[in-house]
Amino acid sequence: MAFSEALVQRVRDILSLLAGSEEKKLFGGIAFMVNGNMTVGVIQDNLIARVGLENYEAALGKPGADLFQPTGKPMAGWVAIAPDGHQNDEDLKSWITLALEFVKTLPAK
């Protein structure tokens, strides 16, 4: 499964100054880990964001957001965001910030 190199670079640019961030190949795309916890990722041209259960329903109501279903079953606390939901830098930063806020509540791995 291919992934958008342009979107990966945009995410990389935002996370590059964050200590404890790294990239890994995952789900046929690229995952961005923060302190060992997957935070966001890129699969095809979609952004994947780990928003947590508390923000899950609200996140699904945002433009471009949908269920993340890598195995055919939704992964609660994760959303897939289509290109129209992350086209501009402000929207992309907003999704990444939401994911970072959740991941900061998790213990480092």
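In this predicted model, Phe 68 and Trp 78 are both buried. The two residues make up the one aromatic pair in the count. Their ring centres lie 6.1 Å apart and their planes meet at 45°, so the pair is tilted. Phe 68 belongs to the loop between strand E5 (65-67) and strand E6 (78-81), whereas Trp 78 belongs to E6 itself. The pair therefore ties together parts that are 10 residues apart in sequence.

Trp 78 also has a place in the sheet: Arg 50 stands opposite it in E6. E4 and E6 run antiparallel and are joined by four bridges. The open sheet holds six strands in the order E1-E2-E3-E4-E6-E5, with antiparallel pairing. Strand E1 (21-26) and E5 are the edge strands, and each pairs on one side only. From one strand to the next, the twist averages 30°.

Helix H2 packs on this sheet. The helix touches E4, E5 and E6, and its direction makes about 120° with that of E5. The buried residues of H2 (residues 52-60) are Gly 52, Tyr 56 and Ala 59. These residues cover an arc of only 90° around the axis, which puts them on the same side of H2. An α-helix has 3.6 residues a turn, so residues three or four places apart point the same way. The cover over the buried residues of H2 includes strand E4 (46-50), E5, E6 and helix H3 (89-103).

The charged end of Lys 62 sits over the ring of Trp 95, 5.1 Å from its centre.

Key. Residues numbered from 1 in each chain as written. Predicted model: local features only at pLDDT ≥ 70, side-chain atom pairs only at ≥ 80, totals over all residues. Heavy atoms only, no water. Phe/Tyr/Trp six-rings, centres within 6.5 Å; stacked < 30°, edge-to-face > 60°. Helix = DSSP H or I, 4+ residues; strand = E, 2+ residues; numbered from the N terminus. Buried < 20%, exposed > 50% of the residue type's maximum accessible area, 1.4 Å probe, protein only. Lys NZ or Arg CZ within 6 Å of the ring centre and 35° of its normal. Arc of directions from axis to C-beta. Contact = heavy atoms within 4.5 Å. Pairing = 2+ DSSP bridges. Axes fitted to C-alpha atoms, helices over the stretch in contact; angles between N-to-C directions.
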